[in-house]
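Dear colleague,

Please find the structure for your review below. My notes on what was found in it follow directly after.

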Amino acid sequence: MEQRTLGTQGLVVSALGLGCMGMSQSYGTADESEALATIRTALDLGVTFLDTADMYGPFTNEQLVGKALAGRRDEVVLATKFGFEREPDGTLVGVNGRPDYVRRCIDGSLQRLGVDHVDLYYQHRVDPNIPVEETWGAMAELVVLGKVRFLGISEAAPTTIRRAHATHPMTAIQDEWSLFSRDLEDQTVPTVRELGIGIVGYSPLGRGLLSGSLSDPEQFEPGDFRRKAPRFQGENFQRNQAVVERIRELAQQRGATPAQLALAWLLAQGPDIVPIPGTKRRTYLEENVAALTVELSAEDLESIAEVAPRGVASGERYPSDNMARLGV
C-alpha cells in the first residue's frame with residue numbers, strides 16, 4: 001500500500017483511508033457483522049487510516065471501530081472528531097467548542113474506542129461562539145497529555161485555519177472533495193499548502209453518485225439521508241447521472257470503474273491528499289482500493305476536466321435545513 005504524509009509533523013498514513021460513518025448512520029440499515037468484516041478486510045489490504053467521530057451513531061460508530069480494532073491497534077492510524085454535541089438519543093444540541101467540552105469528548109472517545117490515544121483528532125465544526133484559539137488551546141493540551149498525537153479541523157474557513165494553526169501546528173484538514181464538490185480549491189487548498197497542512201478528502205465519490213451504481217433515488221432505504229439531499233432529487237439527479245455516464249465511458253477506456261476513476265482523479269491532485277471513501281461493504285472497499293492502480297496521464301486528466309468541469313454537479317451538497325443546523 002502506498003503511503004502519504006499529512007502535514008509536516010510526521011504523520012504517515014495509507015494513501016487511501018476508510019470512512020466509517022455509513023456503517024452506523026445516514027445510509028440505511030446497519031449490518032454490524034459486515035461492517036466489522038469490512039474494517040478488518042481494509043486492514044488486511046493495507047488501508048490502515050480509519051476515520052470516525054463521536055457524533056456518528058451517535059457514539060456507536062466509535063464503539064464499532066474499537067471492536068474491529070481489538071488486537072490490531074498497532075496497525076492503525078486512527079482519526080476521530082468532536083464538536084457536534086448530541087444527546088444520547090441522537091438529538092443534535094449544536095456545535096460546541098468550549099475547552100471543557102473538548103476535554104470531556106476525548107475521554108469519551110478513548111473509552112468507546114478502547115484505546116489510550118487517538119492519532120488524529122479533528123475539530124468537526126467550528127463553534128462560532130468560541131474563539132478557535134480557545135478550542136485549539138484545549139486540543140493542544142491533549143497532545144501534551146499523550147491522548148492525541150496530531151490535530152486537524154473540518155470544514156473551516158481559511159482564516160480560521162490560519163488562527164488554529166498559529167495556536168498549535170495543524171496536521172490535516174478534512175473537507176469534502178470530489179469531482180462534484182470542488183469549492184475548497186479556490187482558497188482552502190492554497191492556504192493549507194502554504195502552511196504545510198495535509199488534506200483529507202471525505203465523500204470523494206459524491207455520496208455514491210460517482211460510483212455509477214445508483215439508478216433511482218427510490219432505491220434508498222428509509223433513514224438514508226440521500227432521499228432528501230438535493231443532488232439526488234428530480235432533475236438534479238438526472239443531470240448528475242448524465243455526467244456520471246460520461247465518466248463511466250472514460251473509465252471503461254482505462255479499464256476502470258467510475259468510482260476508481262473518480263478516486264484516481266482526486267489522488268492525482270497532489271501527494272498531500274488522502275481520500276477516505278466510506279463504505280460498509282467489502283465489495284465496494286475492494287473496488288476502491290483498486291483505484292490505486294489506475295494511473296492517469298495528463299491527457300486523461302484533460303478528458304475528465306472536459307466531462308466534469310468545476311461546478312458540474314446539480315444541487316447543493318446538503319438539504320438546506322441541514323446546512324443551517326450543521327454550520328455548513
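Two strands are taken to pair if DSSP finds at least two bridges between them. Helices (H or I, at least four residues) and strands (E, at least two) are DSSP runs, numbered from the N terminus. This is a predicted model, in which local features need pLDDT of at least 70 and side-chain atom pairs count only at pLDDT 80 or more, while totals for chains, interfaces and linings use all residues. Residues are numbered from 1 along each chain as its sequence is written, and side-chain values use heavy atoms, with hydrogens and water left out.

The sheet

Strand β4 (residues 49–51) pairs with strand β5 (residues 77–82) in the parallel sense, over 3 bridges. Within this pair, Leu 50 stands opposite Leu 78 of β5. Helix α3 (residues 99–113) packs on the sheet, where it touches β5, β8 (118–123) and β9 (148–154); contact means heavy atoms within 4.5 Å. The direction of α3 makes about 140° with that of β8, where axes are lines fitted to C-alpha atoms, for helices over the stretch in contact, and angles run from 0 to 180 degrees between N-to-C directions.

The sheet as a whole is open and has 8 strands with parallel pairing, in the order β3-β4-β5-β8-β9-β10-β11-β12. Its edges are β3 (18–19) and β12 (273–276); each has a single partner strand, so one side of each is left without a neighbour in the sheet.

Helix α1

Helix α1 (residues 32–45) has 14 residues and reaches 20 Å from its first C-alpha to its last, close to the 20 Å expected at 1.5 Å a residue; the expected span is 1.5 Å times one less than the number of residues. Among its buried residues are Leu 36, Ile 39 and Leu 43, buried meaning under 20% relative accessible area (exposed is over 50%, partly exposed in between; 1.4 Å probe, protein chains only). The buried residues of α1 pack against β3, β4, α2 (60–68) and α9 (282–289). Thr 41 lies in this helix and is buried, at a relative accessible area of 16%. Leaving aside neighbours within four places in sequence, Thr 41 is in contact with Arg 282, Leu 285 and Glu 286. Just after α1, Gly 46 takes a positive phi of about 95°.

Cysteines

With a disulfide defined as a pair of cysteine sulfur atoms within 2.5 Å, the count comes to 0 disulfides. The cysteine sulfur nearest to that of Cys 20 belongs to Cys 105, 19 Å away, which is too far for a bond. Cys 20 is buried, with a relative accessible area of 1%, and Cys 105 also counts as buried, at 7% relative accessibility.

Yours sincerely
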